[in-house]
Amino acid sequence: MLILELLKALLLGIIEGITEWLPVSSTGHLLLFNEFFPLNDPTPDGSFTMMLVEVIQLAAILAVVVYFFGRLNPFSKKKTKEERTATWILWSKILVAVIPGGLAVVIMKLLSQDIPDNPAIIALALIVYGIAFIVIERSKKNKVPKIDKAEEISYRTAFLIGVFQVLSIVPGTSRSGSTILGAMLLGVSRTAAADFTFFLAIPAMCGASGIEVLSYAKDVIENPALMFGTQELIILLFTMAVSFVVSLVCIKFLMGFVKRHSFESFGWYRIILGAILLAYFLIFA
């Protein structure tokens, strides 16, 4: 029934909109969702669901663009010439940070290697990075960061943050978690780390979603049975709309949260979720 599938899509959009930006791993949450509320996938190999999960990230990315449009728009007439130049420089640093992840994806594609969404790997990644958040936050508690604004990040630091983002290839790691942790280890303040993570997500996730869409289109051409119908299109668009709205709310929440709190609470949440995942799949697998 379409109503039931739309309810699942509503939950999926909410989960994606929240977990894509909070450092808690969207993969771990989507794994749990798919375990209990799988979509009625019309494709024989489940490729529609895999494509949908990637594509709804575009809606989340649009939320970042909308939220930070004034700050990231190098053509704004409200900015001075110096401010527009500074915005272009910021974009050039973002593109430098994309390089490591892009190279990693290309190498994996050439080697035809994919890291499977293994529940044990996801659970362990959740726990390990949860511990890392707690340890790093406590070690940085009384230290003044060297970099207080995203615009102050150097090209070298931007590239190294991109290297940390490569770690998010492992399911359960969290793309935002990897880049935030990496930035903080490099002396970037919590707020600037969150800012740069959002900015870096725009080219990184657009690239990942684009690759998935092209891959799905190629599969459909080779096997028309993988093509989805009108109901699936409605579900896709609805999920994207929910993801966009929830992402806007979540981004606003996180930007306010990091100014007053540490990420330690997210660390504990990851550990608890990882333990639940590990126990569940060990018992019921």
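User: Leaving aside its neighbours within four places in sequence, which residues is Glu-137 in contact with?
Analyst: This is a predicted model, and what follows should be read as computed from it. Glu-137 belongs to helix H6, and with a relative accessibility of 4% it counts as buried, because the limit for that class is under 20% relative accessible area. Once the neighbours within four places in sequence are set aside, the residues in contact with Glu-137 are Met-184, Arg-190, Ser-262, Phe-263 and Glu-264.

User: How many helices and how many strands are there in the protein chain?
Analyst: Read from the N terminus on, the elements of the protein chain follow the order α-α-α-α-α-α-α-α-α-α-α. The count for the protein chain is therefore 11 helices and 0 strands.

User: What is the radius of gyration of the protein chain, and what does the globule rule give for 285 residues?
Analyst: The C-alpha trace of the protein chain spans about 55 × 45 × 40 Å along its principal axes, and buried residues make up 47% of the 285 residues. The radius of gyration is close to what the globule rule gives for 285 residues, so the protein chain is as compact as a globular protein of that length. The radius of gyration is 19 Å, and the rule likewise gives 19 Å.

User: Among contacts between residues at least 6 apart in sequence, what percentage join residues at least 24 apart?
Analyst: A contact here requires heavy atoms within 4.5 Å, and the pairs considered in the protein chain are those at least 6 apart in sequence. Of these contacts, the part that joins residues at least 24 apart is 80%.

User: What volume does the largest pocket have, and which element gives the most to its lining?
Analyst: The lining of the largest pocket consists of 48 residues, and those nearest its centre are Glu-54, Gln-57, Asp-117, Ile-169 and Glu-212. Helices that give two or more residues to this lining include H1 (2–19), H3 (47–67) and H5 (81–110), and by class the lining residues divide into 21 nonpolar, 19 polar and 8 charged. The space in the largest pocket comes to about 1700 Å³, and the element that gives the most to its lining, with 8 residues, is H9.

User: How far apart in space are Ala-183 and Ser-243, C-alpha to C-alpha?
Analyst: Ala-183 lies in helix H8, and apart from neighbours within four places in sequence, Ala-183 is in contact with Ile-161, Val-188 and Ala-193. Ser-243 lies in helix H10 (residues 230–260), and, not counting residues up to four places away in sequence, Ser-243 touches Gly-13, Glu-16, Gly-17, Ile-56, Ala-59 and Ala-60. Ala-183 counts as buried at 0% relative accessibility, and Ser-243 counts as buried at 0% as well. The two residues are 60 residues apart in sequence, and their distance in space, C-alpha to C-alpha, is 26 Å.

User: Is Ser-25 buried or exposed?
Analyst: Ser-25 is found in the loop between H1 and H2, where it has a positive phi of about 80 degrees although it is not a glycine. Its relative accessible area is 1%, which lies under the 20% limit, so Ser-25 is buried.

User: Where is Ser-174 found, and what is its phi?
Analyst: Ser-174 counts as buried, with 7% relative accessibility. Ser-174 is found in the loop between H7 and H8, and, although it is not a glycine, its phi is positive, at about 90 degrees.

User: What covers the buried residues of H2?
Analyst: The buried residues of H2 are Ser-26, Gly-28, His-29, Leu-30, Leu-31, Leu-32 and Phe-33. What covers these buried residues includes H1, H3, helix H6 (119–139) and helix H11 (264–284).

Definitions and conventions: Residues are numbered from 1 along each chain as its sequence is written. This is a predicted model: local features need pLDDT of at least 70, side-chain atom pairs count only at pLDDT 80 or more; totals for chains, interfaces and linings use all residues. Side-chain values use heavy atoms; hydrogens and water are left out. On a 1 Å grid over the protein atoms alone, a cavity is a set of points where a 1.4 Å probe fits but cannot get out, and a pocket is an open set with protein on both sides within 12 Å along at least five of seven lines; lining residues have an atom within 4 Å of a point. Grid points are joined across faces, edges and corners, and a volume is the space filled by probe spheres set on the points. Helices (H or I, at least four residues) and strands (E, at least two) are DSSP runs, numbered from the N terminus. Ala, Val, Leu, Ile, Met, Phe, Trp, Tyr, Cys and Pro count as nonpolar, Asp, Glu, Lys and Arg as charged, and the others, Gly among them, as polar. The radius of gyration is taken over C-alpha atoms; the globule rule is 2.2 Å times the number of residues to the power 0.38. Buried means under 20% relative accessible area, exposed over 50%, partly exposed in between (1.4 Å probe, protein chains only).
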